[in-house]
Amino acid sequence: MSSPTLPRDVKYGIGLGILYLLLGTPMARDWLEATMSRHMLVQMPLLVILGIIGCRLLPVRWQNDVLARVGGSVPCVMVALFASSYWMLPRALDAALTEPLAEVGKFLSLPLLVGFPLVLAWRRLTLIGRGFVWTNFISMLAVLGWLYIVAPVRVCNSYLVNDQEHAGWYMVIGSILLFVWWLATLFIGSGVGPNKPGGNGSGTTLA
Amino acid sequence: MASYTYTPVPDTGAKAGVLAYLVVSAVVLLLMMVFGLLMRLEQSQFTSIGGLWFYKIMTLHGAGMVGIVALAGAAVMWHFLRLYVDLSNGIFMANLALFLIGVVMILASVLLGDFHAGWTFLFPLPGTSMGLWSTGAAALFMGGLLIIGVGFVLLHLDIARAIITRYGGLGRGLGWPQLFGHDDGNAPPPTVVASTMVTIVNLIGLVVGASILVMMLVNLYVPSFEIDPLLAKGMIYFFGHVFINAVIYMAVIAVYEILPRYTQRPWKSNKVFLASWTASTIMVMFIFPHHLLMDYAYPKWFLIVGHIIGYLNTFPILIVTGYGAMMIVYRSGIRWDMCSRLLFVSLFGWAVGAMPAFIDGTITVNYVMHNTLWVPGHFHTYLLLGMVAMVFGFMYYLGKPNENAKDSPIDVAAFWAFVIGTLGFTMSFLYSGKISVPRRYAEHLPEWVPYDRLASYFIVLILAAVLVFIFRFLSRLGFASRDYQRASLARSLATT
């Protein structure tokens, strides 16, 4: 008699949960939040990615149901835009380091209010919508990085000025690389999304 | 080797959106030309409007002309591209709406807020007005540019979507499988290749432009966020040069589409054509340094690259298009009417207008010529006798009552007035450059005034011609939206 095996998606879900808990351990948090670069450019994106993967593990029917209930792709993109913008503010970073409630808010909002709604919206967005999200995100990242580089003051109480400058440079470089990658996807024609707004395109491509 | 034969393409009328673009373009173009005349009259000492109004008009003339030729070019591109791919009318109209909002902001900034830092808004000038304009006026001007840019980003994203959906990627839109592999004759038509190139370079240019505009807006209100002026200048000229270069690549689509209809000869998307467009896609992004050659603080290698690429980029598309047009017309028995005349002369204007830039792109020449009227001589030839002539040719094409319609002598006279007026006007700029008359000066020395006066007379001639062109277009708007054969077939092909 063979032992019952769990479905693949459930296994991935358990793995994802373990990873999420690991990120929340004091040791991981201490290391990832020790520098501004790791905090903003490693820990936060990882939390968003967990939300993205988590959403994609759900059956497509569930995703469509949730998307219909929340009013379609535009509200999802707006929620993701505002939530991610909030976590770009230096004050939000400070709060996450000093106030446990803000830290919990970060661990909940980045996967649930950024990663999750983006995946829901993605399959319904045409290239114009996807292009808007990418160009908006890339230019925000570049400008924010530039501001961090030239800021005359320490913008985060918890991090040193040189740390802030390093984070700024990583953001500028990251935005350039992202832009090149996004343009490259257009050259090979992937990530175009459905032809009509609201159509059910592929949600598996990132571009 | 692929063989090419002409496949007749039906003449389709313009959508209401295209006509709206063209009407707005015609009206604003005329207004901006009047502004140009006012500046030359001031330099001629015929009028004395004063420095403040001169620079306000100069700012409006520059920003207005760049914006309006982009709008007119987009109308030409969209009209023909929609024959091959499925474009969104909503996005096209959204771009027009955003454009008009941006224009209102810019007009308010200049006319009500006295902003007059030039369309190039070079850092740190917008933020250091010494009391001549407010921070709000500068922010309104840059915000207006930003909104116009957002409209064009949306338009290009829609074009990218449509090309990718139809052809499978922007690389295929540029005809790379045929360029780098076997030319099976199935490369995208020239319209698609040109639109793909424009979309790629403008998306990059607009994102860079938006970034520097946002940073300068932040700096306006929080000056302690300092910007490196050289970096700002580099970014502004990258965006500005790519954007203004792209307008002629949009408008040249009228030549690719309309001349073959007259001669019934195909415009071939062969390997040479595809290679030239791919080369220019890359090079057009590296030629802006000829505006920076006087900034010795830039790294030397950067300026040398700008010099070399400036030389190289002058030729590929220009030669391929000029040679292609001559091959299509040569011994074709083409019937010359206003449309075919304007389109053909536009290639002459493009070629002649590119040469002063080629010369100015030489570092040693640039040191003494760049801040003179030589440079306005270059871009006025290139834009007025090149790009704007293409747009007027397109307008005549849309409004032609039937394929055998004859032009009135007034139109023919207006055509020659336009050509002679433009040549005289631009030559006065170029000659003034040769004798070292600086550009952007409201007041000129007495020795320079005769050339300014000569230029003013020629502008009046151009204005008279353009009034005829625009009047004719507006009076024939009813024809422009209908589907019928417009091009007069070459004599050897015509049945009547």
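A word on conventions before we start. Residues are counted from 1 along each chain as its sequence is written, while chains are lettered from A and ligands numbered from 1 in the order in which they are written. Since we are looking at a prediction, local features require a pLDDT of at least 70 and side-chain atom pairs count only at pLDDT 80 or more, whereas totals for chains, interfaces and linings use all residues.

On confidence, the model scores ipTM 0.77 and pTM 0.89.

Let me turn to chain B as a whole. Chain B has 18 helices and zero strands, where helices (H or I, at least four residues) and strands (E, at least two) are DSSP runs numbered from the N terminus. The radius of gyration of chain B, taken over C-alpha atoms, is 22 Å, close to the 23 Å that the globule rule (2.2 Å times the number of residues to the power 0.38) gives for 496 residues, so chain B is as compact as a globular protein of that length. Its C-alpha trace spans about 70 × 50 × 45 Å along the principal axes.

How much of chain B is buried? Of its 496 residues, 54% are buried, a label that calls for 20 or more other C-beta atoms within 10 Å of a residue's own, with exposed meaning 12 or fewer and partly exposed anything in between, and with the C-beta atoms placed from the backbone. If we take contacts in chain B with a separation of 6 or more, 84% are between residues 24 or more positions apart, a contact being two C-beta atoms, placed from the backbone, within 7 Å.

Next, the core. A nonpolar core here is a set of buried Ala, Val, Leu, Ile, Met, Phe, Trp, Tyr and Cys residues joined through C-beta atoms within 7 Å, and the largest has 212 residues, with Val76(B) and Ala251(B) having the most contacts inside it. Setting aside neighbours within four places in sequence, Ala251(B) is in contact with Gly73(B), Val76(B), Met387(B), Met390(B) and Val391(B).

Helix H17 of chain B, residues 449-475, has 27 residues and reaches 39 Å from its first C-alpha to its last, close to the 39 Å expected at 1.5 Å a residue, the expected span being 1.5 Å times one less than the number of residues. The buried residues of H17(B), including Tyr451(B), Asp452(B), Ala465(B), Val468(B) and Phe469(B), pack against helix H1 (16-43), helix H15 (374-399) and H16 of chain B. From the H16 side we can look at Ala414(B), which is found in helix H16, residues 409-434, and which is buried, with 25 other C-beta atoms within 10 Å. Not counting residues up to four places away in sequence, Ala414(B) touches Ala465(B), Val468(B) and Phe469(B), and the C-alpha atoms of Ala414(B) and Leu467(B), 53 residues apart along the chain, are separated by 8.8 Å.

Now to some backbone details. Most residues other than glycine have a negative phi, and most peptide bonds are trans. Against that background, the peptide bond from Phe123(B) to Pro124(B) is cis, with omega near 10°, and Pro124(B) lies in the loop between helix H3 (89-112) and helix H4 (135-167). Gln264(B), in the loop between helix H9 (253-263) and helix H10 (271-283) of chain B, has a positive phi of about 55° although it is not a glycine, and with 19 C-beta neighbours inside 10 Å it counts as partly exposed. Arg331(B), in the loop between helix H12 (316-329) and helix H13 (338-360) of chain B, has a positive phi near 55°, and this residue counts as exposed, with 9 C-beta neighbours inside 10 Å.

Finally, chain A and the interface. Chain A has nine helices and zero strands, and 33% of its 207 residues are buried. Which elements of chain A give two or more residues to the side that touches chain B? In the interface, 21 residues of chain A are in contact with 24 residues of chain B, and the elements in question are helix H8 (127-150) and helix H9 (161-188) of chain A, with H8(A) giving the largest share, 11 residues. That side of chain A divides into 15 nonpolar, six polar and no charged residues, where Ala, Val, Leu, Ile, Met, Phe, Trp, Tyr, Cys and Pro count as nonpolar, Asp, Glu, Lys and Arg as charged, and the others, Gly among them, as polar.
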